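Here are a few exercises to work through with the model open beside you. Try each task before reading its solution.

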Amino acid sequence: MHSTSRRTFIKAGALAGIGALGATALAGCAPKTAGSTQPSSAQDIAWDGCFDVVVVGFGAAGAASAIAAAEAGAHVLIVDKAPEGHEGGNSRYCAQLFVSISDFDQGLEHYKALRGQFYAPDDVLEAYVQGMCDIRSTLVSWGADESGMVDLTDKKISNLTVEYPELPGSQSVRTNLIDGTLSKAGLWRFLKKGVVARADMIDCWYESPATALIQDPATKAVIGVEIDHDGKTARIAARNGVVMALGGFENNPEYMQQATGYTTVYPIGTLYNEGDGIRMAQQVGAKLWHMGAWESNGTGLAQKEDRIRNLSTRTFFTSGSVVLVGTDGSRYIAEDLEQRHGHLKIAGSWIMPQRPLRNFFVFDEAQKADLEAGEVKYYATYEFTDIDSRVESGLIFKADTLEEIATHFDMDPETLRHTIDLFNQGAETGTDAFGRAAEAMRAFGEGPYYALEAWPSVLNTQGGPERTARGEVLGANGSPIPHLYSAGECGGITANDYQGGGNIAECIVFGKISGENAAAAKDDALDIDASKLEFVPGCGTQSVYDQTPDTSNLAANEKVGIGEGLGGPIWAKVSLDGSSIANVEIIRATETEGVGDPALDSLPACIVEAGGTDVDAIAGATVTSAGIIQAVENALES
């Protein structure tokens, strides 16, 4: 299990309000009578609270489900196991693209082609495609400014536009940004604010993992959720429905080994996706689908320390005097194959390649020199730089001979030497045994040589409980489990090839479908007197977006401003010496550890030194940098 700490701090004078959400799994009902293991009826359950709809998971899918249910008139509780500012799942880290479809028939043809021979019923695809036809108007109905949306389909930004243009119906696929900005959490923040703006209908609990679905013993309808909240187990009834929006399982090593065949993978996005939804769904008899469907990007490989960024440079790992070898030191694939979210075209099919259990990039001094000379072109905003510091830290091994490289990594020295000799021959003749382009090959020179070990990286998984066109979770018997719905990557619709922006679109499309259907009144809805229950509408945690800094104790020369980072508001206290900036102090931030830290730690001093906010953003922390600058400017304006 991989884990990392998260950056959350609030200093004196700032108001706090942090919380979280999620899910672990075991299903069952809580009896009133001690010693009993199952209640005889739903009326025997000792409920602690009651809402019309409970949404488990607060990423894009959960937010969309909660908004849709609230718009349908339901009182909603949405829970997440992350602290506030760290919820959002993969939707806070992704490129923020969402797919729209310009023509239903063409779009359906295209998504059937993406499905290929894999399983995804036509009516579910039809609901998905229709939802993408309507997606822009859906977002506008929730408060988005359509004039600010940008269609970047024709801009040819790597594989971020039409990913499979050769398939029929591709002309109907459009890729959009809600605010024209890639990879800065714009769509996620819009959805989060949409939930907060509906606080009269939506209550939020953070740091509150769901642990079980509660079924009616007789009807098998899902009638509630067990949630670890504020130090105790709360049994929350859902009168009309429960929506599972817990994301995937990329941080569950057991599930990933079963799905991929790899003993180690490194997730690129959120660390909270641990397959809780699968465990919970299985306990109530759900049918699973698409467990072998998952996506990657960049090289498809990563080191643990580069988990969030991946090894995503194009030229460095795919062109020049560099090779990818497996456990014994032999090559197994052309390094310059085009990748489409990790899928490679092998023998005519776009598939996720089966990689060896160990993978190494080996390169020479000339390759390192190209990087230092700026000859390497980067994929998106991610950079792989500073070889010397990685050698010093042990991430990269440097040696005078290939034999030393092989010995260090337990490869076979003769195999690695033979691999490089064959590669050099191919570079000289222009013909590679694996089909790598001649212009992408350069013979290795004399030492020193370098090597690093990397592991398969996973952007997201698709598998989980199968859903119907109405968002219902199917049971193993093929019938819907009453009152249980799902959205997003908790049982994603992608069975085979993936179109970039499709997962975010699915969060919105099936969030809307599942939220509305969960909110609809049911003939067998629970009849509960909630007047004496502890947790009812209005009990939710105040959001950071609802709070403002306490300025009562500020000195005359101090001002506080608010900006917006990746995890939420950033508060900066600015101290003035006359008209000059004497100090900048960040008094509140909920940014991701390892991503926002460099900006939080160094940018305030840069602003003081520059005497203003005309400073460069910190590489790799551009969203946090922008939030700090915005906060300082807001303080100065006040």
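Buried means under 20% relative accessible area, exposed over 50%, and partly exposed in between, with a 1.4 Å probe and protein chains only. The model is predicted, so local features need pLDDT of at least 70 and side-chain atom pairs pLDDT 80 or more, while totals for chains, interfaces and linings use all residues. Residues are numbered from 1 along each chain as its sequence is written, and side-chain values use heavy atoms, leaving out hydrogens and water.

**Exercise 1. Backbone exceptions**

Task: Find where Asp 410 and Glu 207 lie, and decide whether each is buried, partly exposed or exposed.

Solution: Start with Asp 410, which sits in the loop between helix H11 (402-408) and H12. Helices (H or I, at least four residues) and strands (E, at least two) are DSSP runs, numbered from the N terminus. The phi of Asp 410 is near 60°, positive in a residue other than glycine. Asp 410 is exposed because its relative accessible area is 61%.

Next, take Glu 207, in the loop between strand E8 (202-205) and strand E9 (209-215). Its phi is also positive, about 45°, and Glu 207 is not a glycine. With 44% relative accessibility, Glu 207 is partly exposed.

Then turn to a peptide bond: the one from Gly 447 to Pro 448 is cis, with omega near 10°. Pro 448 belongs to the loop between helix H12 (413-429) and strand E22 (449-458). To put these cases in context, most residues other than glycine have a negative phi, and most peptide bonds are trans.

**Exercise 2. Helix H5 and its crossing with H1**

Task: Determine how many residues of H5 are buried, and which residues make the contact of H1 with H5.

Solution: Begin with H5 (residues 186-197), where 12 residues reach 16 Å from first C-alpha to last. That is close to the expected 16 Å, a span defined as 1.5 Å times one less than the number of residues. Because 10 of its 12 residues are buried, H5 is largely enclosed by the rest of the structure.

Finally, examine the crossing: the axes of H1 and H5 come within 9 Å and cross at roughly 35°. Axes are lines fitted to C-alpha atoms, for helices over the stretch in contact, and angles run from 0 to 180 degrees between N-to-C directions. Ala 60, Ala 63 and Ile 67 of H1 meet Trp 188, Leu 191, Gly 194 and Val 195 of H5.

Key: Contact means heavy atoms within 4.5 Å.
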